[in-house]
Amino acid sequence: MDGSHDLGGMQGFGPATWPGADAVMQHDWDARAFALAMVSAPRSTHAFRHTIERIGNARYLGASYYEKWLWEAEEALVETGAITHAEVDAWAERLAAGEAPPHAEDPERTAELIAALATSQPMPEAAAPAFAVGDRVRVRRMRPAGHTRCPRYLRGATGEIVDVRGDDGVPDVDNAEREAVYAVRFRARDLWGDDAEDHVVLADLWERYLEAA
Amino acid sequence: MHDHDHHHDHDHDHDHDGHHRNPRPASAEELRARALEALLVEKGIVTSDAIDAVIDRYVNDVGPQNGAKVVARAWTDPAYRERLLADGTAAIGELGFAGDEGDTMVVVENTPQVHNVIVCTLCSCYPWPVLGLPPTWYKSAPYRARAVAEPRAVLADFGVELPDDVEVRVWDSTAEVRYLVLPMRPAGTDGRSEEELAALVTRDSMIGTGLPLAPAAA
């Protein structure tokens, strides 16, 4: 979906950094919200990102980073039917009234979780890539209603394949299909016009986003 | 409120975790986070120790000190540098760094002709195993919007100015590849140990918005 998360090239936001912006966490509860989303995640990474994209365009830009993660953690579990918002409301009231939260431990499951988080699963080599290094490609025009990892600012632009990264699940169909991902190199002035800085932009794009140029 | 006496089977304290220090919620978000956690523990969807362990890993254990070791090794060991540029995932794994948001690592090398910058315009993809969790600016709209369109102006906000003839390459992390910049080794560091060199490698120098520190005058 073409929402306010797709920020590449937008103007009017001001300086890229500011005093305090080096901090990883902005609030005491950020680490907890992060961990809750990581541990409870009932769906894929693609679904995780798409849930955050659906928070609403104004709220996406206004909310802090982990406010979005916290919202995602609750929303994903509500959408999968595991919990209801009313159940969270009820616990908020109980905690506010001074009730102690429940505590549970499962060292074996926790050890497995941490081991999985510390293990890399590299993308396998592409089995049947349609494009090769050096090919000129154009990013397709599109306006998908669901999740995509093809940013707006690249659509319609022509670039060059510089690497075949491997095969990976397609975000647009939540991993139901796999296909080649390519590193594509674009001249900045092909994206932003002749007045732009003369740099290079590289992006990793799934095969279905590309056509021969 | 929270049970302070439960057993922690790890060594780190929890100073980072306001939950333990502030029994009264500081905000609506904090109360929501604590309510959601209580509900999920009650329902058996998560356990308290799993939450603590994930915080422990990403707040205490994993951070830019990992990436700095990778860079310092590459600066001192030419064969390692070759392996790092050829297969980032495997070479980073040699030093024991691996995992989520670093499954497929590509290391991009700065040279006198090329300066690399990493961004994620669509969310905030970042190489967790080598840099930890991203700083606020990396996740915020200004950096994500501007880095692909005007990187030299963005670098100026960070106090970095590059010669005109340097090609700036901006890597937008749109898929599951995660990037690490291999910055140039600072001049005047001949004979420095790997550990001394790692201390010069800043987080921002591995994102591309900064340069390594200059060695302190002898």
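Contact means heavy atoms within 4.5 Å.

**Figure 1. Chain B as a whole.** The model shown is predicted. Chain B is built with 12 helices and four strands. Of the contacts in chain B between residues at least 6 apart in sequence, 66% join residues at least 24 apart. Chain B has 218 residues, and 61% of them count as buried. Its accessible surface is about 8100 Å². Carbon and sulfur atoms hold 49% of that surface.

**Figure 2. The contact between chain A and chain B.** Chain A brings 92 residues to the contact, and chain B brings 96 residues. About 8100 Å² is buried between chain A and chain B, with 61% of this area given by carbon and sulfur atoms. On the chain A side, the residues that lose the most area to chain B are A:Ala16, A:Arg32 and A:Arg149. Together these residues account for 9% of what that side buries.

**Figure 3. A salt bridge between the chains.** There are 10 salt bridges between chain A and chain B. In one salt bridge, the side chain of A:Arg32 meets the side chain of B:Asp52, at 3.3 Å from N to O.

**Figure 4. Polar contacts and the side of chain A that touches chain B.** Between chain A and chain B, 48 residue pairs are in polar contact, both residues being at pLDDT 80 or more. Helix 5 of chain A (residues 85-96) supplies nine residues, the largest share of the side of chain A that touches chain B. Sorted by class, that side of chain A has 54 nonpolar, 18 polar and 20 charged residues.

Terms used. Residues numbered from 1 in each chain as written. Chains lettered and ligands numbered in written order. Predicted model: local features only at pLDDT ≥ 70, side-chain atom pairs only at ≥ 80, totals over all residues. Heavy atoms only, no water. Helix = DSSP H or I, 4+ residues; strand = E, 2+ residues; numbered from the N terminus. Buried < 20%, exposed > 50% of the residue type's maximum accessible area, 1.4 Å probe, protein only. Areas by Shrake-Rupley, 256 points an atom, 1.4 Å probe, with all protein chains shown as cover. Buried area = accessible area lost by both parts, 1.4 Å probe. Salt bridge = Lys/Arg side-chain N within 4 Å of Asp/Glu carboxyl O. Polar contact = N/O pair within 3.5 Å; in protein donor to acceptor, adjacent residues only side chain to side chain. Nonpolar A, V, L, I, M, F, W, Y, C, P; charged D, E, K, R; others polar.
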